[in-house]
Every structure is written in C-alpha cells, then in structure tokens.
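These are my notebook entries on one protein chain, written while I went through its model step by step.

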Amino acid sequence: MRFCLMLIALFAATATEVVRADWPGFLGGASRDQQTIAIPLTWSETAGAKWKSPLSGHGQSSPVVVGNNIYLTAVEGPNKETFLVMCVDLETGKLRWTHKFDNSLQAKNDPYTSRAAPTPVADNQGVIAFFESGDMVALTTDGAVRWERKLMTDYGKYEGRFGLGGSLAQLDDRIFVLADNEGPSYLLAINKANGETLWKTPRDSRTSWSSPMIVTVAGQPQVVTSSAGSLDGYDPQSGVQLWTFSDVGGNTVASPIPFGEGQFLVGASPGRNGENTEGALRSNMAVKIVKQGTNFVPEVMWRNEKASSSFGSPIVYRDKAYYVNRAGVLFCMNATTGETLYNARIKESVWATPLGIGDRVYFFGQTGTTTVVDAGEQFKELAANRLWVAAADGGGPGGFNAEIQYGTALTDAGLLIRTGEHLFLIASQN
C-alpha cells in the first residue's frame, strides 16, 4: 500500500512536499510543485547538460526512475525486429545493461508508427516494459527476466495503422494495460509479481493512443481513461466499470491528468483532416467524480472552447491549467473555473507533457526548444533553451525522423529529457 500512496501523492503534492527522487511511471509527477529541485533557467547545445548519453535504437517512451536506475525502451531494425529495455545510471549517464528480445508483431520502422511509445513502470523490484505489439517483459534491477507475456497470443492481434501508444499505470501489486485499437479492445490488470492476468474488461473498439491514469476518488484509487469518445472509471481490484461519460470527442492522445480529489483534466484536438472538430471544441475541460451513495457521477467543472491540446497532455500547476495546441499556442486558465488568464504563442508545439518546477513552467518543444514561462497569472517568457541545432533539411537532429523531445522525468539529480536516440540530464552546476 505504501507504493500506491506514494504514486497517488505525486499528483496531489503541495509546495511543502519533500522531494522524492523516484519517477516510477508515465507523467510520474507532472503536477508537483517542486521548490527544492535546482533546475537551471537556461541551457543550450553546449551548456547546461550534466551529461548526454546516446541510446541504442529509437524510442518514443519517457524515462522512468527508481533510485539510481533510469529505465528506457526502444526498437531496432527496419521492421522493428528487436525490442530493447535499457538501464542507465542516473549519476553518470552510463549504460548499466540492455535486454533485447524479438518483436511478435513486426511493422515498418518509420516516424509515422509507434516506436516503443508506451512508457514502462518501475518499482524497487525492477521494471515492467510494454510494447506496441503486446509483448511485455518484467526485469529485475540487474536486467534478469522475471516473467514475460505476449498479449497478442492471449487476446488477439492489435489492428490499426499507427500501433498502440498507451503507457502502463500501476498500483502496489498490479499494472494496467489499455489496449484500445480497431480490433478487440480492453483494459487489463496484471499481477506484478508473476505476470498473471487478474482481470480483463472488454471495451468498444476505437482508435486512440492515450494512457490510463490513477485518480483518487473518495479516498480510493480508480483507473481512469480518456479515449476516443468516452471517459471511464474502473475499480482497480475487480475491473468493474464504475462510471462513464460520453459527451466528449477528439480525446485520442492526451491522458486524463489528476489535480485534486476526484478531479482531472481532459485534453482533446481535431484530427489532422479536421475530423472530431465539433467534439474537440467542447472537450478541453475539467471533470470531477462525485460519490453519491454507492454510485460515482462524473460532473463537468468547466469547458474552455478556445483551448486544445496536442501530443502532450495538459497540466495543472499552482491552480492554473495549461494547454498547448498543435500550432504552439499556450492557453493558461484558472484550474477551478476554466476562466482564461492568457493565450500566448511559445516557440514550438509540444509532444512531451509540460512540467511545473518552482516558479516556472517548462514547455518542451518538439524539435528541441524548451520555452520557460513564469508561473504567474500573466504571460512572461523567461527563456527559450535550444538543446541541439536542427538540420536545415529536417532529416538530421531536430527533424521528424530523428531528435524529438518525447518525454521527461524530474529527479533530485536534475531534469531528464529523452529524445528518440539520446538522454540528457539537465542540472544546475555546483
């Protein structure tokens, strides 16, 4: 239970929180107010990184951290023939070990399909990694195999052009897999100790890449999903659906972000060709789950029809909600009322979810520029940090097929930034 409470606390912490080094899963603490972690205001391709480490293969997942171990995933080969799970030392950036295994559902390795997009989870026992093929492996802290699963063999082939993108969620004893695709879809709970299925709840088929999140409702955790036309809450012990909400659209990428008791943000955007436009306009909002007797009822706190999100999820930080759309327009709102405080264009659109740290909010631009904004009620750009020089033709570093800021993790050693082929530790120099 202790780990469960720690994970929930990552989303409900206040400015008085004692800093924890661990970042055990996807968006491990995006809403935390970290006053005591010393992250520099500025950095560049030549200054600010304590270390930069090359990574084998290509991966779109975020780093996860427990203790001094950073865990990452990647794919290798023209058809993603090989999956990789890597462990990197937090202090030095040196590779500790790599575990490789075969992909059960090979597909062309290109920037338009999932390439190790699901982020793993970790705890003191090691790491559990999940890939877009349904292949899953649990490894010890030293890289030894604890157990393996092939969900495609157990529950059928995933269907869809872009592959699965949803990351794992976890509690003390179990992990949760959201397998939303054009074929049979489901939410699955798996025993962390032995890899056995605890329960499997069918879902309507849909195309989506969002991740399940843990939201505390009436003092108890629920597994909450925001995915292609519905919001849903599930009992993590039984898999029973506790509530659903269908007045939503365009919610195919952003994950539901908790920011208080029973409350979470929903992010949505129109498709590339304008599909889901009407639904997306009404779906950037805050929702609260209220317990009424033995039932749970979703209530809309507010909607903001001007805001929209993109690949990065929205966040709440210091009572303000932040959304960034595909054009790089930042929307800042009062998190309680949804009232717009300001709109402003930042340097780039974001694929990695923003982070609030101290008096600043960091927005990690797709092609390498991180815009740092004051966390107050008026827009004030503090810095624009370029982590690498983009190639003029878009094919080298900074191009769509190479370096993209995919994910981050915040630790007491500094800020980790993961691109397709590199890992950076940004830290203030002592």
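**Entry 1: an enclosed strand**

I looked up strand E11 (residues 174-179) and found that 6 of its 6 residues are buried, so the strand is largely enclosed by the rest of the structure. I keep in mind that this is a predicted model, and I treat every value below as computed from it.

I then asked which way the side chains of E11 point. Arg174, Phe176 and Leu178 point one way, while Ile175, Val177 and Ala179 point the other way, and all are buried.

Next I looked for the partners of E11. Strand E10 (residues 169-170) pairs with E11 in the antiparallel sense over 2 bridges, and within this pair glutamine 170 stands opposite isoleucine 175. The two strands form a hairpin, with 3 residues between them. E11 also pairs in the antiparallel sense with strand E12 (residues 185-191), here over 6 bridges, and the bridge partner of alanine 179 in E12 is tyrosine 186. I noted that 5 residues form the link in the hairpin that joins E11 to E12.

**Entry 2: another hairpin**

I turned to strand E8 (residues 135-140) and strand E9 (residues 145-150), which pair in the antiparallel sense over 5 bridges. Aspartate 135 has lysine 150 in E9 as its bridge partner. The hairpin of E8 and E9 has 4 residues between the strands, and in this hairpin glycine 143 takes a positive phi near 95°.

**Entry 3: an open sheet**

I followed a set of 4 strands that form an open sheet in the order E18-E19-E20-E21, with antiparallel pairing. Why is one side of E18 and of E21 left without a neighbour in the sheet? Strand E18 (257-258) and strand E21 (295-303) stand at the edges and have a single partner strand each, so one side of each has no neighbour there.

Within this sheet, I checked strand E20 (residues 285-292), which pairs with E21 in the antiparallel sense over 8 bridges. Lysine 288 stands opposite glutamate 299 in E21. As a reminder to myself, strands of a sheet pair through backbone hydrogen bonds, either parallel or antiparallel.

I located tyrosine 71 in strand E3 (residues 69-76). Is tyrosine 71 buried or exposed? Its relative accessibility is 1%, so tyrosine 71 counts as buried.

Leaving aside residues up to four places away in sequence, I listed what tyrosine 71 touches, and the list includes Ser62, Pro63, Met86, Cys87, Trp97, Gly126 and Thr141. Glycine 126 is 55 residues away from tyrosine 71 along the chain, and the C-alpha atoms of the two are separated by 9.0 Å. The side chain of tyrosine 71 also makes a polar contact, at 3.1 Å, with the side chain of asparagine 69.

**Entry 4: aspartate 22 in a loop**

I found aspartate 22 in the loop between helix H1 (2-12) and strand E1 (49-54). At 18% relative accessibility aspartate 22 counts as buried, because the cut-off is under 20%. A polar atom of the side chain of aspartate 22 lies 2.8 Å from the backbone nitrogen of glycine 67.

**Entry 5: the cysteines**

I looked at two cysteines, and both cysteine 87 and cysteine 332 count as buried at 0% relative accessibility. I also looked for disulfides in the model, and the count comes to 0.

**Entry 6: the chain as a whole**

I finally stepped back to the whole chain, which has 3 helices and 32 strands. Of its 430 residues, 61% are buried. The accessible surface comes to about 16100 Å², and 48% of that belongs to carbon and sulfur atoms. Among contacts between residues at least 6 apart in sequence, 53% join residues at least 24 apart.

The mean pLDDT of the chain is 88, and 89% of the residues reach 70 or more. I marked two stretches where pLDDT stays under 50, namely residues 1-20, with 45 contacts beyond four places in sequence, and residues 29-35, with 39 such contacts.

Conventions:
Residues are numbered from 1 along each chain as its sequence is written. This is a predicted model: local features need pLDDT of at least 70, side-chain atom pairs count only at pLDDT 80 or more; totals for chains, interfaces and linings use all residues. Side-chain values use heavy atoms; hydrogens and water are left out. Two strands pair if DSSP finds at least two bridges between them. Buried means under 20% relative accessible area, exposed over 50%, partly exposed in between (1.4 Å probe, protein chains only). Contact means heavy atoms within 4.5 Å. Accessible areas come from the Shrake-Rupley method with a 1.4 Å probe; for residues, only the protein chains shown count as cover. pLDDT is the predictor's confidence in each residue, from 0 to 100. A disulfide is a pair of cysteine sulfur atoms within 2.5 Å. A polar contact is a pair of N or O atoms within 3.5 Å; within protein, one must be able to donate a hydrogen and the other to accept it, and residues adjacent in sequence count only if both atoms are side-chain atoms.
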